[in-house]
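Hi,

Here is the structure I promised to pass on. Have a look at it first, and then read my notes below.

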Amino acid sequence: MPRSLWLLVIGTVINVMAASFLWPINTIYIHEHLGKSLTVAGIVLMLNAAATVVGNLVGGVLFDRIGGFKSIILGIVITLVSVVTLMFFHGWPIYIYLLIFIGFGSGIVFPATYALAGTVWPEGGRKAFNVIYVAQNVGVAVGASLGGIVASISFQYSFVANAVFYVVFFIIALLGYRNIDARKASHASILNQNTGTKSSRKFTALAILCIGYLLCWVGYAQWPSTIASHTQNLNIPLNQYSVLWTVNGALILCAQPLITQFVKYVAKTLKQQMIVGFILLIVSFVVTAFAEQFSGFLIAMIILTFGEMLVWPAVPTVADDLAPNGRQGFYQGFVNSAATGGKMIGPLLGGIIADYYHMNYLFMIIISLLTIGIFTTLIYDRKLKYPAKTEEITVHS
């Protein structure tokens, strides 16, 4: 793996660690310390997610126009100014405005990071995006664990820690990413890119694929929202529910050799990997629908984790292979926007169905949505004049 990709990995871990000091406490802080209802808290988080979607799209376009280094620095600066301000001003309603700017700034960073990863190690295929995916999960695991400890002492310390880690990320990006951007393969400006029929078909293929990806995230987003509440209704202790996410993070780190062997000898193409991943996600929700004890949810989480390990890195890999020269950033931004859109829609949709109907009805709907995702994955490249490169890629160990 190239040294430049290691710098991106380190930066991603620090970036996600910084965010993980804040996002787990948002609902609690808005509800308990600012005295707002859970509905208001949900609206605020939706605004944050919507700003992230816009940031994803803007970040992708900026990557194509001004390069990865400048795009990432701009995103970090916007986020850093917001989190430093949050240290001193975290009352109502300024908290809303700052979360919106934080979502927008962080949204710019991620597609540029993924686009750079694909550019600096094009021969790595899926592996380049997989290491960024693993780095994100390391950041979440470490950041959320430390964040819980810090928040239990004082929310003020959480705001400070959030800012400190973003300063570290800014220094890493400022000193290390400039050379990465200078070495990346040259590509034409999006303004000069031929947007003919072939390019149009590739974007149509990406859009169809991302429909399934968004639906996948709508389902996945139920775990930290409606399913979390469901476990409490079944009298499963909160500490046991938190263990499920510990298992999720541990598997993502420790089961990579298994995934590598699986994609090398069994699911050799990206389409096969995504189809198997969707099937595993469906099975996990079937198990969840019948689970009444912690052991049932644990089995479902293990299956879910293997499913996400096959789908999550594959989609940005497909986007990188489909992207015409000069549009890598825009395509990665579109993928990130689909994921964020799923995170935004999922809790709201799940909450409405759980409140007015029944959890089993919600599981049936999620399974149906994931089935649609399998269909969109099967047909996304059908109208391409030539077989997509992604269908010919095998993953090397």
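A cut-off to start with: a residue counts as buried when its relative accessible area is under 20%. Please also keep in mind that this is a predicted model.

With that cut-off, Q256 is buried, because its relative accessible area is 12%. You'll find Q256 in helix 11, which covers residues 256-265. What does the side chain of Q256 make a polar contact with? The partner is the side chain of N130, at 2.8 Å. Setting aside neighbours within four places in sequence, the residues in contact with Q256 are N130, V134, L251 and M309.

Next, a pair of helices. Two packed helices are described by the angle between their axes and the distance between the axes. For helix 9 (residues 226-233) and helix 16 (residues 359-379), that angle is about 150° and the axes are 12 Å apart. Angles over 145 degrees count as roughly antiparallel, so helix 9 and helix 16 are roughly antiparallel to each other. Their crossing is left-handed. On the helix 9 side you'll see T226, I227 and H230, and they meet M359, L362 and F363 in helix 16. Sorted by type, the residues of this contact come out as four nonpolar, two polar and no charged.

If you carry on from helix 9 into the loop between helix 9 and helix 10 (238-254), you'll come to N235. N235 has a positive phi, about 65°, although it is not a glycine. Is N235 buried or exposed? It is exposed, since its relative accessible area is 69% and the cut-off for exposed is over 50%.

Another loop to look at is the one between helix 4 (68-88) and helix 5 (94-120), where P93 lies. The peptide bond leading from W92 to P93 is cis, with omega near 10°.

L174 counts as partly exposed because its relative accessibility is 31%. Not counting residues up to four places away in sequence, L174 touches F69 and I73. I also checked L174 against V13: they are 161 residues apart along the chain, and their C-alpha atoms are separated by 16 Å.

That's what I have for now.

Cheers

Notes
Residues are numbered from 1 along each chain as its sequence is written. This is a predicted model: local features need pLDDT of at least 70, side-chain atom pairs count only at pLDDT 80 or more; totals for chains, interfaces and linings use all residues. Side-chain values use heavy atoms; hydrogens and water are left out. Axes are lines fitted to C-alpha atoms, for helices over the stretch in contact, and angles run from 0 to 180 degrees between N-to-C directions. Helices (H or I, at least four residues) and strands (E, at least two) are DSSP runs, numbered from the N terminus. Angles under 35 degrees count as roughly parallel, over 145 as roughly antiparallel, 65 to 115 as roughly perpendicular and the rest as oblique. A crossing is left-handed if the near helix is turned anticlockwise from the far one by less than a right angle, and right-handed if clockwise. Contact means heavy atoms within 4.5 Å. Ala, Val, Leu, Ile, Met, Phe, Trp, Tyr, Cys and Pro count as nonpolar, Asp, Glu, Lys and Arg as charged, and the others, Gly among them, as polar. Buried means under 20% relative accessible area, exposed over 50%, partly exposed in between (1.4 Å probe, protein chains only). A polar contact is a pair of N or O atoms within 3.5 Å; within protein, one must be able to donate a hydrogen and the other to accept it, and residues adjacent in sequence count only if both atoms are side-chain atoms.
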